[in-house]
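Dear colleague,

Please find below the structure that I am handing over to you. My notes on it follow.

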Amino acid sequence: MNAQPNDVPGLSWLGAPIDARPLFSSEQAALMATLRGLAPADWAREAVPGWTVRDLAAHVLGDFYGRLARDRDGHREGPAPAPGETLETFIYRINQEWVTAFSRVSPATLTDTLDLIGRQVAELFAASDLHAPSLGVSWAGVDPAPMWLDSARDLTEFWTHRQQIRRAVGQGVDPDPAPLAVVLDTFLRALPHTLREVAAPVGTQVRVRIDGPAGGTWTATATGPRWSLAEPDAGRPASVVRLDADTAWRLCARDLQPDAALARAGVEGDRDLAEAACQIVSIVY
């Protein structure tokens, strides 16, 4: 996590900016190593409900192309929500349309294209301005979001999709704590938005502690108009939720439901606040 202060006016409650830029090249290399190591039968294995490994790889490519079109090329054409269509429905629809269109593309061609376009995305992020306004992050309640949050959000998506592919082919989650630490730090920026409708006296604090080398501590404070990650930890939180790293990222990515995460969690203090914190979701869901 980048410890410099957040200099985007009005968004200090998100906490200190995160610099995920150095991780995109290594994440791209890890994805390519995973895909190039797959057996032919692996591409047809289910990675997420309704999508095979090949489908999920095609989805990642679609995200890559979208990022380059918007941020590098200034391209503003493309699909738009239908009248009355929610953001979630719109995203699900266009994602499926892209995956369906790419069903005619072979795994070998898909992998080569991902290699080419993914490296361009990593270069784009490496040159980006962390504090420039960028795409909104709905699960954090910010639109527009600063680039530091938008780019970190993209890293979490790429990392999560790679884990889903690895799991589908029996490899398990990548044990490297470096990218996971940034993923968890980004995911926890959803905590103030998660608690937005929880009424509590000003100064009330809810702490989430994630154990292990990729973990850390995040404390949300009720400030009146909103909950904030920017307030100093007073040392006496009303509620503490303790999670292991695997439970935490799976909860935030909705690979695990809140009740299941709570069953694995250690909770101290106010149970209702702990349950509210475990409603966290850090994807469009």
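**Helix 2 and helix 5**

Helix 2 (residues 53-72) packs with helix 5 at an angle of about 165°, and their axes are 10 Å apart. Please bear in mind that this is a predicted model. Angles over 145 degrees count as roughly antiparallel, and helix 2 and helix 5 are therefore roughly antiparallel to each other. Their crossing is left-handed. On the side of helix 2, the residues that meet helix 5 are Val-53, Leu-56, His-59, Val-60, Asp-63, Phe-64, Arg-67 and Asp-71. Their counterparts in helix 5 include Met-147, Asp-150, Glu-157, Phe-158, His-161 and Ile-165.

**Helix 8**

Helix 5 (147-168) also has a part in the surroundings of helix 8, as one of the elements against which the buried residues of helix 8 pack. The others are helix 6 (177-187), strand 5 (205-211), strand 8 (239-244) and helix 9 (258-264). Helix 8 covers residues 245-252, and seven of its eight residues are buried, so it is largely enclosed by the rest of the structure. The buried residues are Ala-245, Thr-247, Ala-248, Trp-249, Arg-250, Leu-251 and Cys-252.

At its start, a side-chain oxygen of Asp-244 comes to within 3.1 Å of the backbone nitrogen of Asp-246. Just after the helix, Arg-254 adopts a positive phi of about 55°.

**Cys-252 and Cys-278**

The count of disulfides is zero. Cys-252 takes part in none, the nearest cysteine sulfur being that of Cys-278, 9.1 Å away. A disulfide requires two cysteine sulfur atoms within 2.5 Å, so the sulfur of Cys-278, at 9.1 Å from its closest partner in Cys-252, is too far for a bond. Cys-252 counts as buried, at 2% relative accessibility. Cys-278 is likewise buried, with a relative accessibility of 2%.

**Gln-205 in strand 5**

Gln-205 lies in strand 5, one of the elements that pack against the buried residues of helix 8. Is Gln-205 buried or exposed? With a relative accessible area of 2%, Gln-205 is buried. Its side chain is joined to that of Thr-221 by a polar contact of 2.8 Å. Leaving aside residues up to four places away in sequence, Gln-205 touches several others, among them Thr-219, Ala-220, Thr-221, Pro-232, Asp-233, Pro-237 and Ser-239.

Yours sincerely

Terms used. Residues numbered from 1 in each chain as written. Predicted model: local features only at pLDDT ≥ 70, side-chain atom pairs only at ≥ 80, totals over all residues. Heavy atoms only, no water. Buried < 20%, exposed > 50% of the residue type's maximum accessible area, 1.4 Å probe, protein only. Helix = DSSP H or I, 4+ residues; strand = E, 2+ residues; numbered from the N terminus. Contact = heavy atoms within 4.5 Å. Polar contact = N/O pair within 3.5 Å; in protein donor to acceptor, adjacent residues only side chain to side chain. Axes fitted to C-alpha atoms, helices over the stretch in contact; angles between N-to-C directions. Parallel < 35°, antiparallel > 145°, perpendicular 65-115°, else oblique. Left-handed = near helix turned anticlockwise from the far one by under 90°.
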